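Please keep the sequence and the structure in view while reading.

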Amino acid sequence: MIIKPLATKSAVTDAAITAARVVRLVNAHATDASVIAIANSAAASITLLPLSSEIIEKDIGAALAATGGTVTGVPVAFTN
């Protein structure tokens with residue numbers, strides 16, 4: 001898979017993250033995990049382990065909130 005960042009990294013509450021369909025999230029904290037709440041039409045959450053990243057697909061306009069850790073995000077596009 002080829003991933004193309006569409007912006008620079010920002011807080012998960014940034015408008016560009018909310019407006020995106022696919023987002024890469026990074027928890028840069030060395031010891032604290034982070035719970036990411038996703039306000040999709042069916043609310044969801046994931047746990048992002050310390051020093052890890054995930055790519056998530058969410059509803060366009062669904063806000064994200066991070067509790068714990070040091071989480072940033074960037075909208076991305078991808079191809080196979």
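Ile3 has its place in strand S1, which covers residues 2–5. Helices (H or I, at least four residues) and strands (E, at least two) are DSSP runs, numbered from the N terminus. The model is predicted: local features need pLDDT of at least 70 and side-chain atom pairs count only at pLDDT 80 or more, while totals for chains, interfaces and linings use all residues. Residues are numbered from 1 along each chain as its sequence is written, and side-chain values use heavy atoms, with hydrogens and water left out.

With a relative accessible area of 36%, Ile3 is partly exposed.

## The largest nonpolar core

The largest nonpolar core has 11 residues: Val12, Ile17, Ala20, Val23, Leu25, Ile36, Ile38, Leu48, Ile56, Leu64 and Val71. Strand S3 (22–27) and strand S4 (34–38) are the elements that give two or more residues to this core. Such a core is a set of buried Ala, Val, Leu, Ile, Met, Phe, Trp, Tyr and Cys residues joined through side-chain atoms within 4.5 Å. In soluble globular proteins, nonpolar side chains tend to be buried together.

Leu48, a member of this core, lies in strand S5 (residues 44–48). Leu48 counts as buried because its relative accessibility is 0%. Among the residues that Leu48 touches, not counting those up to four places away in sequence, are Leu25, Ile36 and Val71; contact means heavy atoms within 4.5 Å. The C-alpha atoms of Leu48 and Ala28 are separated by 10 Å, although these residues are 20 apart along the chain.

## Strand S4 and its partners

S4 and S5 run antiparallel and are joined by five bridges. Two strands pair if DSSP finds at least two bridges between them. A hairpin of five residues leads from S4 to S5, and Ile38 stands opposite Ala44 in S5. S4 also pairs with strand S7 (residues 64–67), in the antiparallel sense and over four bridges; here Ala37 has Ala65 as its bridge partner.

Which residues form the covered face of S4, and which the uncovered one? Ser34, Ile36 and Ile38 are on the covered face, whereas Val35 and Ala37 are on the uncovered face.

## A loop residue and a buried serine

Leu51 lies in the loop between S5 and strand S6 (52–57). With a relative accessible area of 60%, Leu51 is exposed. Its phi is near 55°, a positive value in a residue other than glycine.

Ser10 lies in strand S2 (residues 10–11) and counts as buried at 17% relative accessibility. Beyond four places in sequence, Ser10 touches Ile17, Thr72 and Gly73.

How values were computed. Buried means under 20% relative accessible area, exposed over 50%, partly exposed in between (1.4 Å probe, protein chains only).
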